[in-house]
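Biologist: I would like to learn how to read a model like this one, feature by feature. Shall we start with a helix?

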Amino acid sequence: MLESAFFNLFAGLCVLSALGVVTARNTMHSVMFLVFCFFNAAGLFFLLDAEFLGVILILVYVGAVMVLFMFVIMMLEQKKDELKSSVRQYLSLGGVIAVLLLMEFVAAASSGVFVHGAHATAAHLGQQINNTEQIGQVLYTKYLLGFEIAAIILLVALIGAVVLTIRKRKDAKYQNISAQVKVRREDRVRKVRM
Amino acid sequence: MANVVFPYPFPEHLTSLMPEIFVAIAAMALLLIDLFIAQDKKSITAWLAITVSLIAALLSVNVMQSEAVTAFYGFFLLDHFAVLAKVLICLGTAFGMVLSIQYMKDEEHLGEYYVLMLFATLGMMLMASANNFIIMYLGLELMALCIYVLVGYQRKVLRSSEASLKYFILGALSSGMLLYGVTFLYGVSGSFNFAGIGTGLAAAGADAHTAIMLGLVFVIAGLAFKVSMAPFHMWTPDAYEGAPTPITAFMSVGPKVAGFVVFIRILADALPSLQNEYTMILTGLAVLTMAVGNLAAIAQRNIKRMLAYSTIGHVGFIMLGLIAANTDGYAAIMVYMTIYMFMNMGAFAIIILMNREGIPGELIDDFAGLSRVRPVYAMAMGLLMFSLAGIPFLGGFWAKYAVFMAAIEAGHLYLVLYALLFSAVGAFYYIRIVKYIYFDEERVAFNFEESSPMQLTVLVTTIAIVVLGIFPGPLMDICKQALAGLL
């Protein structure tokens with residue numbers, strides 16, 4: 001009873017905030033709606049006993065990805081009338097995709113695969129261990145090699161991003177450390193006879 | 001928390017990962033060492049990186065066991081096939097670095113350039129040893145990510161950035177297709193392990209047939225992108241033309257070796273129950289690849305683009321080994337890749353040396369009259385081109401001979417006849433370059449930027465293809481022995 005009440009709350013707010021994302025005039029408001037939408041989706045994950053996914057959704061998407069979105073939007077100011085014309089431009093294609101998706105969802109929901117209780121979650125299987133612990137146990141043991149390679153991929157991404165964007169500006173001031181260290185008192189302080 | 005029991009003991013056979021661990025640590029150390037090397041002495045970084053890749057090749061041979069070993073709970077497989085592939089990959093990287101020393105000497109941030117090449121090598125080595133879709137995919141992405149950056153390394157050159165972006169977008173698309181296919185195979189078999197998928201698919205019922213076929217098609221399409229089979233070859237000419245020439249040489253060898261190793265492992269271990277289906281798909285792709293590669297190469301004016309299409313054509317011939325689907329066919333692929341490495345590295349070395357009044361000699365016309373100015377280079381280029389065309393008693397002939405014989409023995413006679421036809425078409429555009437070199441008048445003054453590493457590369461590769469042309473036996477035996485344990 002309580003579970004379905006929470007489900008309706010999170011799911012309803014999720015849909016409403018998603019609507020807010022596409023209808024808001026101000027792009028910043030759209031982003032905030034999306035953040036709210038992610039929080040509600042995380043709530044749905046918690047209800048499914050998938051608390052690891054819920055926490056990751058908040059940490060990665062809300063904490064990192066959406067902040068990046070905000071930076072980008074603040075840097076690239078978009079004019080409002082451009083937005084209006086683009087809505088009309090993409091309405092037909094977007095409409096077709098939306099109708100197709102709706103049909104898929106209806107077909108999936110009525111297929112009989114997703115009936116209540118068919119897919120028991122971890123808690124219902126009587127597991128004494130939560131899924132964060134379970135992931136932790138295999139991530140650093142069985143999947144250690146993959147985990148390490150993923151770490152190297154991140155390092156490469158970091159090096160690559162720096163290499164492709166770094167540039168030396170002629171007008172920029174650089175610190176010459178060896179010159180600074182070599183400086184002697186006589187170079188800087190001068191005794192003036194008054 | 002006190003009673004948490006770890007279900008997995010400490011991984012065994014860690015020494016079999018020695019070459020990979022060495023490359024990873026050396027690359028990170030080089031990243032730091034490079035900071036202390038002055039801009040005008042950056043060739044020290046290059047030579048250190050070359051040493052690292054050669055040591056990695058030696059270590060790969062050194063950790064080889066008489067039997068295949070797995071490490072990390074079956075995720076990592078070390079057999080003779082993987083060792084052979086790793087040696088080839090490391091040699092390809094070393095050649096690519098030797099070619100870079102002179103070509104890249106005026107670029108900034110050279111340390112990162114060599115470090116990225118080492119990380120790409122690490123990715124390829126992991127692909128060669130992958131026994132599992134997870135490690136294979138991570139290795140693939142590690143390699144691809146490094147190469148996207150390396151292709152776009154000359155930021156001031158517009159076509160370099162453009163090539164990098166095109167390659168990145170198409171590469172990401174192909175990774176998506178590959179992963180989509182893997183999800184189907186995982187869904188049916190419940191395993192990421194190649195052998196586990198093999199048994200899972202063989203035991204699957206008839207209702208799983210659609211899912212298996214979707215998985216097969218998407219996995220093959222994703223891998224076909226990576227080794228540039230037509231019709232998934234579109235990125236190749238642009239990426240080859242735009243990339244710095246040493247990177248073009250680098251990406252025409254190592255990534256292809258790694259891609260074909262993964263292809264062989266997946267076909268032989270994971271999909272043996274679908275041999276009829278994949279033979280049909282690969283035959284169609286091979287017919288198209290040979291035609292596109294060899295016909296489009298004729299129309300090219302830029303030699304890097306021409307060699308890109310020639311790579312596609314060679315991939316078409318190599319696919320005959322996959323279609324043969326037996327040890328001989330797979331061994332022939334490795335013979336082909338070894339000889340192809342020498343031919344391509346030599347040809348690219350001469351292209352890098354070509355310089356007409358400061359403009360890199362990338363047009364085919366630029367070779368006109370080379371024999372009168374530099375008879376030695378002209379002869380080397382002539383031999384390399386004859387070898388690429390597959391003229392008898394040079395290395396390239398035995399490469400083609402090996403795959404063609406394997407395919408005929410597996411009963412694909414008509415496909416081999418078709419391949420022979422396009423091999424003849426291919427001979428036309430290779431020999432056209434020889435015609436330019438020997439029979440055309442010199443138009444603009446040559447201005448060779450010579451250096452001993454480049455001369456050494458030309459010398460080593462040309463001697464290698466001549467020697468392999470006269471004594472192909474040992475190489476063929478090594479490849480056959482390496483592949484013997486696979487099936």
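Modeller: Start with length. Helices (H or I, at least four residues) and strands (E, at least two) are DSSP runs, numbered from the N terminus. The expected span of a helix is 1.5 Å times one less than its number of residues. Helix α17 (residues 395–409) of chain B has 15 residues, so it should span 21 Å; its end C-alpha atoms are 22 Å apart, which agrees.

Biologist: Before going on, what kind of model is this, and how is it numbered?

Modeller: This is a predicted model: local features need pLDDT of at least 70, side-chain atom pairs count only at pLDDT 80 or more, and totals for chains, interfaces and linings use all residues. Residues are numbered from 1 along each chain as its sequence is written, while chains are lettered from A and ligands numbered from 1 in the order in which they are written.

Biologist: What are the confidence values for chain B and for the complex?

Modeller: pLDDT is the predictor's confidence in each residue, from 0 to 100. Where pLDDT is low, the predicted coordinates should not be read in detail. Chain B has a mean pLDDT of 91, with 97% of its residues at 70 or more. For the complex, the predictor gives an ipTM of 0.91 and a pTM of 0.90.

Biologist: Back to α17(B). How many of its residues are buried?

Modeller: Count C-beta atoms, placed from the backbone. A residue is buried if 20 or more others lie within 10 Å of its own, exposed if 12 or fewer, and partly exposed in between. In α17(B), 11 of the 15 residues are buried, so the helix is largely enclosed by the rest of the structure. Among them are B:W398, B:K400, B:V403 and B:F404.

Biologist: Which residues touch the most other members of the largest nonpolar core?

Modeller: A nonpolar core is a set of buried Ala, Val, Leu, Ile, Met, Phe, Trp, Tyr and Cys residues joined through C-beta atoms within 7 Å. In soluble globular proteins, nonpolar side chains tend to be buried together. Here the largest core has 200 residues, and B:L320 and B:V335 touch the most other members. Helix α14 (residues 327–353) of chain B gives the most to this core, with 21 residues. Beyond its neighbours within four places in sequence, B:L320 has contacts that include B:A286, B:V403, B:F404 and B:L415. Another core, of 7 residues, lies apart and includes A:L34 and A:C37.

Biologist: Now the backbone. Where is the cis peptide bond?

Modeller: Most residues other than glycine have a negative phi, and most peptide bonds are trans. The bond from B:A230 to B:P231 is cis, with omega near 0 degrees. B:P231 sits in the loop between α8 (209–226) and α9 (235–242) of chain B. Just after α8(B), B:S228 takes a positive phi of about 50 degrees.

Biologist: Is B:F72 buried or exposed?

Modeller: B:F72 has 24 C-beta neighbours inside 10 Å, so it counts as buried. It is not a glycine, yet its phi is positive, about 55 degrees. Its place is in the loop between β1 (69–71) and β2 (76–78) of chain B. A:D49 also has a positive phi, near 65 degrees. It lies in the loop between α2 (27–47) and α3 (51–75) of chain A. With 18 C-beta neighbours inside 10 Å, A:D49 counts as partly exposed.

Biologist: How many helices and strands does chain A have?

Modeller: Chain A has 8 helices and 0 strands. Of its 194 residues, 8% count as buried.

Biologist: How many residues does each chain give to the contact between them?

Modeller: Chain B gives 27 residues and chain A gives 17. On the chain B side, α5(B) gives the most, with 9 residues. For classes, Ala, Val, Leu, Ile, Met, Phe, Trp, Tyr, Cys and Pro count as nonpolar, Asp, Glu, Lys and Arg as charged, and the others, Gly among them, as polar. That side of chain B divides into 21 nonpolar, 3 polar and 3 charged residues.

How values were computed: Contact = placed C-beta atoms within 7 Å.
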